[in-house]
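User: I have a model open here and would like to go through parts of it with you. Could you take my questions as they come?

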Amino acid sequence: MASSVKDVRITTEPAASAPPVVPWGNYRFPPGLRYNLPLYMLAGFFDRRNPILLFEHLSRFGRAAHYRILSHHVILLNDPSDIREVLVDKAQFFIKERTQKRMKILLGDGLITADGETHKRHRRIAAPAFHRQRIQAYAGTIVEYAAAMREQWRPGTQTDIAAEMMRLALQITARTLFDTEVTPEIHTINDEANAVMDMYNALVAMPCVEELLRWRIPVPVLMRFRKSKARLDAVVDKMIAAKQAESAKAAREGRPVGGDLLSMLIAARDETDGSNHPSTGMSGKELRDEVLTLFLAGYETVANALSWTWLLLGQNPEAEARLHAELDATLLDSSGKARLPTLEDLPRLPYTEMVMAESMRLYPPAWAMGRQATQDIEIGPYRVPKGTYFLFSQYIIQRNPRYFPDPLAFRPERFTAQAKAQRPKFAYFPFGGGGRQCIGESFAWMEAVLVLATLAQRWRLKVIENQQIALQPKITLRPKFGIQVIPNPRS
Ligand code: HEM
């Protein structure tokens, strides 16, 4: 038996006695924590390094739970229809919640952090670059890098598959975003972005961090952040300038611009005013914010999804055997020999996709998200004041036995078209939903399925027993100590 993750076990149904709403003046709150959150500092469920424990505790209140942090009201939603109201039906009354907005110090006004008109404009400009047909051009690149990696693995050699998936996803991001190898510049972006992520919790918790940064207050963590951010900006600006020069040269010579995402963003125009004037493209600062956003959003998420998938396959030999059977039956050339997967194979690999879907149910790379109400608002049976934060966790909902019976079992069959049609949409939302649904979703599915197919075609990964595997819920859900495996060739 492979080591199992010390999972948070979300198997509780609402307590029958919990009152559905708690009246408070003109408002109706869900039940929840009686005291301000910081007063629970010594409680078992309060662990700053693992907020999933708090969410698990709160999920016992049923449909939704309320708590306060100082003067702020926070509501954890646990019901797909209420989440839908926030993300889709009443989305215009919400902005991103505080911790995501705080990311502005790193990502400026990129797609993840921007709100309102700025967000709409950026989404319009970036959308064509993520169109299904555009991103399909990357399928060959993805398979090429995965195929190179599968040649490097050695039978019987202990390997940290989480580190390997990060390495592979970084190569694919460098090529598809910048059309480059993993150069020293890419390493700098990666290292500095990681350094900032490590400071993230401290920065988010700091009151008035934006002002403190602006006034150059000499607090060590802020000084480190400023240094990392300055390095990031310098490297990204240099890469953008080089790409702009390349694109201008291509235009002068009547050649098409490059197919990488950055070239497409440089060439993209906001054509809603009908003028197609160059000034409606992205400015240098906008490009930099977007490049950093895409770099961070696109690489670690996919790497984590793949890492957890290897763990689950190692723990579930039946599912692993079915996956191998599908790959062996599908990926054949005209003489019946095994060949690498291609874009055209994707519709013929339904089980491989179901394996990825089930893996992202149990270990969603984006494990929680949130919004803040810009006015008094009614959601489900509740009515809450302007400024209230709504949080919802993919990790919690996607383990709810009401939607996923025997929730801790790994069963890719939960994702047949028929099974999916029987569930409410927001019982499973690894890519969010509504107008801010992940712009890279098609890209992510394509990358994950092709990488899994290419590697699993050649290798079976045995998960090493008795290793410590733990959740590290940072911005994405990482395996804290990596995942050690032994690759064994399949034939
Ligand atoms: C398994 C992989 C991925 C997962 C689980 C994931 C998840 C998510 C989620 C949940 C959101 C919504 C956040 C919110 O509304 O608060 C989001 C947004 C976003 N994602 Fe992804 N993502 C993945 C891969 C990617 C890739 C590959 C890219 C780009 C190449 C990308 C770029 C973005 C961007 C730019 C946004 C912001 C969209 C907006 O607000 O308009 N993501 N992602």
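User: How far does helix H13 reach from its first C-alpha to its last?
Analyst: Helix H13, which covers residues 284-315 and has 32 residues, reaches 47 Å, close to the 46 Å expected at 1.5 Å a residue, where the expected span is 1.5 Å times one less than the number of residues. Helices here are DSSP runs (H or I, at least four residues), numbered from the N terminus. This is a predicted model, in which local features need pLDDT of at least 70 and side-chain atom pairs count only at pLDDT 80 or more, while totals for chains, interfaces and linings use all residues. Residues are numbered from 1 along each chain as its sequence is written, and side-chain values use heavy atoms, with hydrogens and water left out.

User: And is H13 mostly covered or uncovered?
Analyst: Mostly covered, as 25 of its 32 residues are buried, meaning under 20% relative accessible area with a 1.4 Å probe and protein chains only.

User: What about Thr-173, buried or exposed?
Analyst: Thr-173, which lies in helix H8 (residues 161-178), is buried, with a relative accessible area of 7%. Leaving aside neighbours within four places in sequence, Thr-173 is in contact (heavy atoms within 4.5 Å) with Phe-178, Phe-295, Gly-298 and Tyr-299.

User: Switching topic, which protein donor does the iron atom of the ligand have?
Analyst: The iron has a single donor from the protein, Cys-438 (SG), 2.3 Å away; donors are N, O and S atoms within 2.8 Å of the metal (3.2 Å for Na, K and Ca), and water is not among the atoms, so the site may look incomplete.

User: Where is Cys-438 placed?
Analyst: Cys-438 sits in the loop between helix H17 (417-421) and H18.

How values were computed: Helices (H or I, at least four residues) and strands (E, at least two) are DSSP runs, numbered from the N terminus. Buried means under 20% relative accessible area, exposed over 50%, partly exposed in between (1.4 Å probe, protein chains only).
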